[in-house]
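Please look at the entry below. Some questions and answers about it follow.

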Amino acid sequence: MSSPTNSASARIQLPSKPRDTFKLVLSTVFVVLIGWSLVSVDLKWSRLLDAPADMWNLFGVMFDEFPWTSEERTRMIGLMWDSIAMAWIGTIIAAVFAVPLSFLAAENLVGRPIAWVTRQVFNILRAVPEVILALLFVPVFGLSPMAGVLAIGVGSLGSLGKLFYEIIENVQKGPIEAADAVGASSVQRLRWGVVPQVAPELTSFLLYRFEINIRASAVLGIVGAGGIGGALVDAIRFQEYDQAGLALVVVILGTIAVDTVSGAIRKRIVAGRAVEVGGPDDPMLAVSPGAALLAQEPSR
Amino acid sequence: MSDERLQLPPKPKPSLFAIGVWVLVVVFTVITARRVGFSFSGIIEDLQRPNPVLDGLWNIRWGEMFSERSRKAFVETLQMAVLGTTGGVIVSLPLALWSTEVGNPYVVPRVILRSINNVIRSIPDLLWAGLFVLGVGIGALSGLLALFFFSLAVMTKLTADTLDGIDMGPIEAADAAGASHSQMLRTAVVPQILPAFSSYALYDFELNLRASAVLGLVGAGGIGNRLDFFRNRGQWDKLWGLVFMFFLVVFIVEWVSVRIRRRLV
């Protein structure tokens, strides 16, 4: 509706909508890709319609023997505990090896070429799924949890190394200079200038990686590398639906339990201890009278 | 000036929490190391034995990268990743909105949705694939469904976390202008998260591509089927060829995706 009071002036022209060729091209490419996949993928889409009913039936037979027998439960929980142990030891191994390797990837410690090569190694390790590593390790280390532990260790090495060198490159100079100024030895400098800076972030990421690794180690048994995945793949092969159901429940509960504990610890590490300003724990007040006097001098 | 020595401030005591965590870490490490039977000498011993996998790597069959069957398997992997991601991304947007305060004022449905999502997220992708193979049967459809649920969980979680931190200004403006709830979401919420959301979608695609390579190990289609085939026959030379092909594809996709994501955000 044009307003009569403004009839003299021409209609206000809206500025033309901004056009973003980049996004336009991108969307077109994706639409084409999706369309091609939809049309050419080798499956009967009609089966998708039956899927909900099929899954419903599956859940029916999976939870047929709902509480299961106590030995079945003990066995499955033991296998999940194997998976958790594999994930933890794998994470620890990765961390132990990632520290020295990450020094080789930090540009401020070694030259650019060495750093570049080390980073490419990290990138390759990050790209391989743990299951493929386990598949390659099983013939060497046997059908045992060790194959799984090493798969997880090698698989996590890339991402932990990447994080470590990023931390090393971003260490603040201040505390190190302060340590130097009071005459610290190189070990003391590391202990008081560097470690306190990086420890919280490092620990918290380590725990986070552990949470990721639990999910990985729960399926490594599929290629025979130990843990609960083996029971699951057997259940699938021999169509023991009730065992598959039990394995599923144990995996979900175990994962959520570990996530909850580890998440709570991570939160606490990152937040630190809440210190009430002026309260009994306030470090600013825990100084000698002389220091307090010095603090009162006007700063220049 | 008095000659009194300055007293050093007392050393801060290590917090009970820090000690507790360290004790826990050490104890847990010892227990779990025993559980998996960890030994360095065992590893070295195993490495000294003849090693069919490494032999395969030295005699790698590059031809396997281009054989007809491998190419087909790769195309299937790619298709599963594309479709699984698309489905998961589309469904995750409303789910993420419903599981946050801006999109859903009711606490109870919100909490229920988040808990369901946590359960879905705790199931690894290969386990999803195994379940669907049991229920729906062997083939690409099972892999597709597995990737769909996996994407759904990841995308909903990431998007919901982003939604928790958005700027409330545009929402108030939309409310003040008399927008309905859906109009408010459309004009004040979605545009704010769209760049991050598209970036997550690409990241999710990278994850899915990597995951879809192994789904075939439980019979859910893609190159995993070929990997399983070569593994069972002990043809490690061919398996390595396939693994290198996989690297190549993942690297190219990641290279492109990282560049697009940088431009988006």
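**The contact between the chains**

Chain A gives 72 residues to the contact and chain B gives 69 residues, where contact means heavy atoms within 4.5 Å. This is a predicted model, in which local features need pLDDT of at least 70 and side-chain atom pairs count only at pLDDT 80 or more, while totals for chains, interfaces and linings use all residues. Residues are numbered from 1 along each chain as its sequence is written, and side-chain values use heavy atoms, with hydrogens and water left out.

Q: What percentage of the area buried between chain A and chain B is on carbon and sulfur atoms?
A: Buried area is the accessible area (1.4 Å probe) that two parts lose on being put together, summed over both. Chain A and chain B bury about 6500 Å² between them. The part on carbon and sulfur atoms is 81%.

Q: Which residues meet in a salt bridge, N to O?
A: A salt bridge is a side-chain nitrogen of Lys or Arg within 4 Å of a carboxyl oxygen of Asp or Glu. Between chain A and chain B the count is 1. With 2.6 Å from N to O, the pair is Asp82(A) and Arg35(B).

How values were computed
Chains lettered and ligands numbered in written order.
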